[in-house]
Structures are given as structure tokens and as C-alpha cells.
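Biologist: I have not looked at this structure before. Could you show me how to read it, one feature at a time?

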Amino acid sequence: MAAGGTVGLGMSVNIAVKNLSKEFAAHGTGAAWKALDGVNLEVASGEFVTILGPSGCGKSTLLNILSGLDTHFTGSISFTQGDSGGTARGKPRIAYLFQEPRLLPWRTVRGNVEFALDAAGFSRSEWKGRCNKWLELVGLGGFAEFYPLQLSGGMQQRAAIARAFSIEPDILLMDEPFSALDELTARRMRQELLDLWEANRHSVVFVTHNSLEAVFLSDRILIMNRGPSSRVRDEISLNHLPRPRSYEDPAQFETQKDVLARLMRHVD
């Protein structure tokens with residue numbers, strides 16, 4: 001088990017995962033579930049990579065390991081700075097967006113962003129400016145003093161995105177963040193995410209089981225099979241699809257059909 005990397009604030013980093021495996025033991029039975037089995041992948045500096053696969057393929061487990069929430073695994077994860085290829089000196093700053101917004105209900109929207117800024121070590125003098133900037137960028141400038149339960153699901157997810165970007169992450173991990181939204185709202189949120197990413201170019205690892213979403217967002221798609229013993233089974237480059245993308249683009253529609261067909265090969 002190994003990990004390395006430290007980077008300056010907001011710098012994009014390369015990620016390399018080698019022979020990553022993870023087992024879960026059943027309590028009192030001696031049985032084990034091998035959720036990940038020799039996963040290898042790379043994410044280049046500033047690249048938007050999507051992990052696509054069915055439920056139970058270990059996508060969330062992989063993100064938990066990348067984020068440092070799960071440290072019990074075999075294999076290695078390494079981080080290097082930008083295009084230099086030099087090994088970083090500590091851990092990169094990572095923002096993690098979950099399927100649910102996970103906002104603290106007793107704090108206002110501003111308070112939730114400030115909580116993240118405090119945890120990331122930003123001085124109190126910077127909080128107001130950073131909160132205002134990112135809440136404006138996600139369309140919540142007028143909702144800073146509202147509580148999460150006063151907002152719609154889409155607005156709550158916008159607040160979570162503002163919180164994630166406010167800490168200037170080197171790496172952004174996203175675990176099906178739009179899956180609970182209706183498709184019209186999800187489409188708006190995907191575009192807002194891309195607009196923010198284009199402006200900041202963090203390295204992104206995005207998890208989904210939605211092939212349409214994967215094709216619309218990604219530079220590259222990695223397909224995982226359903227467990228046990230999940231690993232990356234296929235890789236699809238989307239360099240042939242120019243940005244900005246459109247759901248009505250025939251080339252994108254054809255690519256989505258190909259991605260879905262290749263995903264179906266690895267469902268069972």
C-alpha cells in the first residue's frame with residue numbers, strides 16, 4: 001500500500017493507480033468479497049475521466065480509496081504535479097462530491113462553504129470572498145443565508161459544488177452527484193460543472209452508471225465490470241467529440257450507443 005503527493009493550491013495533478021485490490025470480510029464467517037482486483041488506471045493533469053459501470057462494480061470503493069477515506073487496500077496510488085512529472089511532496093488537496101449533497105442542515109449555505117474552507121486551512125479573512133465568488137458562479141448568490149432544507153435538490157447540489165470548488169482542489173472526485181435529480185435539472189448541472197471545470201481544469205474522476213452522462217462530460221471513459229473481482233475492462237477516448245458538446249449532436253449519440261454496447265459486455 002502506497003500513496004504520495006503534495007501540490008500547491010489549485011494545481012492539477014496526475015494520478016496513477018497500480019494493481020489496486022480491496023477485500024471486504026463478512027463478519028464471523030471467514031468469507032470475503034473482493035470488490036477490486038488489480039485495478040490499473042491513470043488520469044492526466046487536468047483530464048476529466050469517468051468510471052462507468054453497473055452497481056456493485058466497486059466504483060465508489062475506488063473513489064473512497066483515492067480520497068483517502070479508505071486506507072486498507074493493496075497496490076499503490078501516486079500523485080505527480082502537472083506536466084513536470086515530478087513526484088509531489090505530500091497529499092494533494094482533494095474535494096469529494098457524493099451522490100447526496102451532504103450539507104450540514106444546521107448551517108446556512110454560506111456556513112457550509114465556510115466549514116470546508118476552515119477544514120482546508122484557509123484564513124478566516126478569505127472566507128467571505130471565496131463564499132461569494134463560488135455561490136455566484138453556481139447561481140446561489142442570493143441564497144447564502146438560507147438553510148439547506150429550504151432549497152430544492154438541484155440547489156442543494158449547486159451548494160455542494162460551490163463548497164467543493166471553493167477550496168481550490170487539485171483533484172475533484174464525484175460519485176454520481178446528479179443521479180437523484182430529474183433529467184432536465186441534471187442536464188443543467190452537468191453543463192454548469194463543465195463550465196467550472198473548463199475555467200479551472202482540475203483533474204476529475206467522475207463515477208456514473210449513465211452512459212449519456214459519461215459521454216457528455218468526459219475526455220475518457222473507463223468501464224468496470226460487476227464484482228466480484230472488478231477491474232477496468234475497457235477504455236474509450238472521446239477526443240473525436242469536440243467541446244462544447246451538445247446532446248443533439250449525432251456523433252455524440254452514436255458514441256453513446258457504442259459506449260452502452262461496450263458497457264453491456266461487462267455487466268455480468
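Biologist: Where in the chain is confidence lowest, and where is it highest?

Modeller: This is a predicted model, and pLDDT is the predictor's confidence in each residue. The chain has an average pLDDT of 88, and 91% of the residues score at least 70. Confidence is lowest in strand β1 (residues 2-4), with a mean of 41, and highest in strand β4 (residues 48-52), at 97. Residues 1-9 have a pLDDT below 50, yet in the model this stretch has 37 contacts beyond near neighbours in sequence.

Biologist: How do I read the packing of α3 and α4?

Modeller: Start with the angle and the distance between the axes. Helix α3 (residues 124-137) packs with helix α4 (residues 153-166) at an angle of about 130°, and their axes are 9 Å apart. Therefore α3 is oblique to α4. Their crossing is right-handed.

Biologist: Which residues meet there?

Modeller: From α3 come Arg130, Trp134 and Leu135, and they meet Ala162, Phe165 and Ser166 of α4. Sorted by class, this contact has four nonpolar residues, one polar and one charged.

Biologist: At what angle do α4 and α5 pack?

Modeller: The angle between α4 and helix α5 (residues 183-200) is about 15°, with the axes 11 Å apart. That is why α4 is described as roughly parallel to α5. The crossing of α4 past α5 is right-handed.

Biologist: Which residues of α4 and α5 meet?

Modeller: An α-helix has 3.6 residues a turn, so residues three or four places apart point the same way. On the α4 side, the residues are Gly154, Gln157, Arg158, Ile161 and Phe165. They meet Thr185, Arg188, Met189, Glu192, Leu193, Leu196, Trp197 and Asn200 in α5. By class, the contact of α4 with α5 has six nonpolar, four polar and three charged residues.

Methods. Residues are numbered from 1 along each chain as its sequence is written. This is a predicted model: local features need pLDDT of at least 70, side-chain atom pairs count only at pLDDT 80 or more; totals for chains, interfaces and linings use all residues. Side-chain values use heavy atoms; hydrogens and water are left out. Axes are lines fitted to C-alpha atoms, for helices over the stretch in contact, and angles run from 0 to 180 degrees between N-to-C directions. Helices (H or I, at least four residues) and strands (E, at least two) are DSSP runs, numbered from the N terminus. Angles under 35 degrees count as roughly parallel, over 145 as roughly antiparallel, 65 to 115 as roughly perpendicular and the rest as oblique. A crossing is left-handed if the near helix is turned anticlockwise from the far one by less than a right angle, and right-handed if clockwise. Contact means heavy atoms within 4.5 Å. Ala, Val, Leu, Ile, Met, Phe, Trp, Tyr, Cys and Pro count as nonpolar, Asp, Glu, Lys and Arg as charged, and the others, Gly among them, as polar. pLDDT is the predictor's confidence in each residue, from 0 to 100.
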